[in-house]
Amino acid sequence: MKRLLLVALLVLSGCGLDVNSALPYKVLPGSIKPDQALHGVEITVGSKDFTENILLGYMAEMALSAAGADVIDLTDLKGSQTARQALLNAEVDVTWEYTGTGWINYQGNELPVTGGEQAQYEATKKADLEQFGVEWLAYSPLNDQYAFAVTEAYGEQHGLKTTSDMAAFLTQNPDQAVFCLETEFTSRQDGFPAAQRVYGFPTTEVKNFGIGTIYSAIAGGTCPIGEVFTTDGRIAAQKLRVLEDDKKAFPQYNVAPTVRAEFLKRYPQIRGPLEEVSAALTNEQMIELCRQVDVDGKDAGEVARDWMVSKGFISTA
């Protein structure tokens, strides 16, 4: 049944992966050791379709492979909702998710939790287990937030350092209220609608792009303002200025491995390897890893593998 569901998912998502796709990299144990309880256990790992989440998907696959599992690669699923439904429907067993995304988009809340990262994580974890039977493992220091960005030159010219600065400027200059946004961010309740609600800036025009092309669109002047992920390596490469979310319109987005509760109960041994990787991630490291993929053109799987080796989690010889 699971393989039939996988076939349907692949057709719908258009990701083009073979149902039996094994991890395409040789992985040997490092600090993550084989566990007899996971020997031969088939575990499907999914990811969303942007660089950071694909990197995280590969990291999870390598950690579980080093622990002895038979890993199936289902990275690069198209969109948050596709990846989420794949987890709920047992089409994948492990995905990396973001606390703010879980709280707003999956659990239907309108406002972020106040009190910082821990408070947002605890609220999201509790609600997801109660409502959907999804367990959140320990969250990572990696906190990839939404933000608006402009070129350094544009920000300097108009005195823009915060999103409040942007809102005040656009109120006086509505002809400049042209935004480059990805389609999902345009409608997500924790995305553009949240920022408009909190800051009250005008919108003259929205131009939709894939997230990978927004950075160059801002730099090239297609739009004066655009949406970015704060851990994206293309921010520095394109010389963009990230505007501070000074009124905290966007939630915390700490990343954590998520797994169905029933699957974790059957295989509690997956917790250790996944949380070991999660604890080692930081924003600074992810910016560098994303830069290697999106700016230098390196393969995401190879970048993830090299990082896992550098941390001693796995070996390749």
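## Chat about helices, a disulfide and some buried residues

Trainee: Let's start with helix 2 (residues 51–66) and helix 14 (residues 283–294): at what angle do their axes cross?

Mentor: Roughly 105°, and the two axes come within 10 Å. That makes helix 2 roughly perpendicular to helix 14, since 65 to 115 degrees counts as roughly perpendicular, under 35 as roughly parallel, over 145 as roughly antiparallel and the rest as oblique. The axes are lines fitted to C-alpha atoms over the stretch in contact, with angles from 0 to 180 degrees between N-to-C directions.

Trainee: What kind of model is this, and how are residues numbered?

Mentor: It's a predicted model, where local features need pLDDT of at least 70 and side-chain atom pairs count only at pLDDT 80 or more, while totals for chains, interfaces and linings use all residues. Residues are numbered from 1 along each chain as its sequence is written, and side-chain values use heavy atoms, with hydrogens and water left out.

Trainee: And the helix numbers?

Mentor: Helices (H or I, at least four residues) and strands (E, at least two) are DSSP runs, numbered from the N terminus.

Trainee: Back to that crossing, which residues in helix 2 meet helix 14?

Mentor: Thr51, Glu52, Leu55, Leu56 and Met59, and they meet Met286, Leu289, Cys290, Val293 and Asp294. Contact means heavy atoms within 4.5 Å.

Trainee: Is cysteine 290 buried or exposed?

Mentor: Cysteine 290 is buried, at 2% relative accessible area. Buried is under 20%, exposed over 50% and partly exposed in between, using a 1.4 Å probe and protein chains only.

Trainee: New topic. How many disulfides are there?

Mentor: One, counting a pair of cysteine sulfur atoms within 2.5 Å as a disulfide. Cysteine 180 and cysteine 223 form it, with sulfur atoms 2.1 Å apart. The link is right-handed, with 85° about the S-S bond.

Trainee: Where do those two cysteines sit?

Mentor: Cysteine 180 is in strand 7 (residues 178–182), and cysteine 223 is in the loop between helix 10 (211–219) and strand 9 (225–229). They're 43 residues apart, so the pair links distant parts of the chain. Both cysteine 180 and cysteine 223 are buried.

Trainee: Which polar contact does threonine 75 make?

Mentor: One of 2.8 Å, side chain to side chain with aspartate 73. A polar contact is a pair of N or O atoms within 3.5 Å; within protein, one must be able to donate a hydrogen and the other to accept it, and residues adjacent in sequence count only if both atoms are side-chain atoms. Threonine 75 is buried too, at 4%.

Trainee: Last one: how many residues of helix 4 (residues 99–106) are buried?

Mentor: Seven of its eight. Trp103, Ile104 and Tyr106 are among them. The buried residues pack against helix 3 (80–88), strand 4 (94–98), helix 5 (117–132) and strand 5 (134–136). Glycine 108 follows helix 4, with a positive phi near 80°.
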